[in-house]
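Let's learn how to read a structure by asking where its labels come from.

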Amino acid sequence: MQGSTRRMGVMTDVHRRFLQLLMTHGVLEEWDVKRLQKHCYKVHDRNATVEKLEDFINNINSVLESLYIEIKKGVTEDDGRPIYALVNLATTSISKMASDFAENELDLFRKALELIIDSETGFASSTNILNLVDQLKGKKMRKKEAEHVLQKFVQNKWLIEKEGEFTLHGRAILEMEQYIRETYPDAVKVCNICHSLLIQGQSCDTCGIRMHLPCVAKYFQSNSEPHCPHCNDYWPHEIPEVFDPEKERDAGISKSSKKSSRSRQH
Amino acid sequence: MPRGRKSKLRARENRRQAQEEDLVLQRATAVSHTEPTNRDPLDEMVVLSVYYLLYKYQIKEPITKADMLRNVIQVYRNRFHEILKRASAHMEMVFGLDLKEVDPYRHIYVLINKLEISYDAILDDVREVPKTGLVMAVLGVIFMNGNCATEEQVWQMLNLMGLYAGRKHFIFGEPRKLITKDLVEANYLEYRQVPNSDPPCYEFLWGPRAHAETSKIKVLEFMAKIHDTVPTAFPSLYEEAVKDEVERARARAAAKAHTAAMASARSRARATSPSRPNKV
């Protein structure tokens, strides 16, 4: 982090509008963010040139710095898509969800989060989560209601559901990484390549190190004989393909062997 | 809106109060961890106040001085106006949200969006233009059915427009995906299972973006036009829409009134009492 030597940027209505809409959406994929940026220019400053997204966001972040909030860029764990969210750096709890959920709902999320972090695969089954419904703080919740709340988490992009199992959405990882690392320091898993929090990924059968799927894709790109970067044993898993935003837009399918330009925050 | 409104609101309010205190306590500890301790504690108060104001804005509740003192400012209560002034300067400069005092006697404030979004915002987005009519129509069905419409009711309307589930439309694409997925992800609609329904059936509500980008009166005007009539042809809906608009206009009028409303002089003149009963 650059800190106080960073020159403070200038906020115009274009930036404010962008910030408002990003806050409303919670999390957005990069192509949506670019579209949002263009929309803000169109509404508030039609004739100006649209600034490069990275500079635009850095400008806003320099103003947000004194409030300990930041527009953070991350990457989805399953397919390496870049995503953006407005993150409160000072909040070390899940209270950022508090504006949408009641006390017992937040506790349900906390329970699901713990199961996800403790799991080997990064997924917690619906059954296991629902079995904890009796232990929730606040108003009593029935399992049927809890099912509905879990769907609310999915809709609000805090959780992802796959075949009856739940894992963290990229948004939750972006917003809560710090909280998770501080609260569960022993259970937390970390990627061997980017050193960020890891929920879903691949692991070495021999030495146990883990890597995110997009990190695996990038590291083993066009390598026909992948070996573990730590113990050099043969890497036993299928190497996923790197996310390419260009091809994605044209073909509507994710293909590649071009380098992906995503970056990851520590 | 759910039934048993008054008692549910009160219970919800009590829970919120407790939650708010929890929230702010956690953030207070958090902020103090992020920086060296020779920082001005008032700066910290300002930052926490900004978070609190944003939270209240997102849950669409007005801000009272009493709540702010209790949940955020606490020991620094004698610096309340200074803290609030600095916090509201941040809100305006960074987020384009204006803090206005709507009740100078009970010290109630609201945040007004200076970058007020209008119906045109939906049209401006070129990609969304073909869908605008559809979005408004779905919002209309929802509003006309008491702010919550079953999937069946929505399909009845879409079928009238020539849209059928599973049948791809040359402009809208496949309508089922559009309303249950795309528009939900874009935050225009909320799609949820009817509680305790078995076999499960689903209902639609307005999403947060719909609330932000349009209003009941605008949607009613749109629906009236479709039915080749005027909004007043739906008296109870018209009444509800007008009430909603009055609340918005009141907030806007307060904004126009005066910015100096936060000056301490007037606030000391009258006896104040908190606007809400003490929570549990």
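Helix α7(B) passes helix α8(B) in a right-handed crossing. Keep in mind that this is a predicted model.

Q: How do you know which residues of α7(B) and α8(B) meet?

A: Contact here means heavy atoms within 4.5 Å. On the α7(B) side, B:Glu151, B:Val154, B:Trp155 and B:Leu158 take part, and they meet B:Pro175, B:Arg176, B:Ile179 and B:Thr180 of α8(B). The residues of this contact divide into 5 nonpolar, 1 polar and 2 charged. The axes themselves come within 12 Å.

Q: What makes α1(A) a largely enclosed helix?

A: A residue is buried when its relative accessible area is under 20%. In α1(A), 11 of the 13 residues are buried, so the helix is largely enclosed by the rest of the structure. Among them are A:Phe18, A:Leu19, A:Leu21 and A:Met23, and also A:Arg16 and A:Arg17. For the whole of chain A, buried residues make up 53% of the 266 residues.

Q: How do you know that the span of α1(A) is close to the expected one?

A: Helix α1 (residues 13-25) of chain A reaches 18 Å from its first C-alpha to its last, and 18 Å is also what is expected at 1.5 Å a residue. Just after this helix, A:Gly26 takes a positive phi of about 85°.

Q: Why does B:Cys201 count as partly exposed?

A: Partly exposed lies between buried, under 20%, and exposed, over 50%. B:Cys201 has 38% relative accessibility, so it belongs in that middle class. You can find B:Cys201 in the loop between β5 (189-193) and β6 (202-206) of chain B.

Q: What does B:Cys201 touch, not counting residues up to four places away in sequence?

A: B:Cys201 touches B:Arg192, B:Gln193 and B:Val194. As for B:Thr150, it is 51 residues from B:Cys201 in sequence and 7.9 Å from it in space, C-alpha to C-alpha.

Terms used. Residues numbered from 1 in each chain as written. Chains lettered and ligands numbered in written order. Predicted model: local features only at pLDDT ≥ 70, side-chain atom pairs only at ≥ 80, totals over all residues. Heavy atoms only, no water. Axes fitted to C-alpha atoms, helices over the stretch in contact; angles between N-to-C directions. Helix = DSSP H or I, 4+ residues; strand = E, 2+ residues; numbered from the N terminus. Left-handed = near helix turned anticlockwise from the far one by under 90°. Nonpolar A, V, L, I, M, F, W, Y, C, P; charged D, E, K, R; others polar. Expected span 1.5 Å × (residues − 1). Buried < 20%, exposed > 50% of the residue type's maximum accessible area, 1.4 Å probe, protein only.
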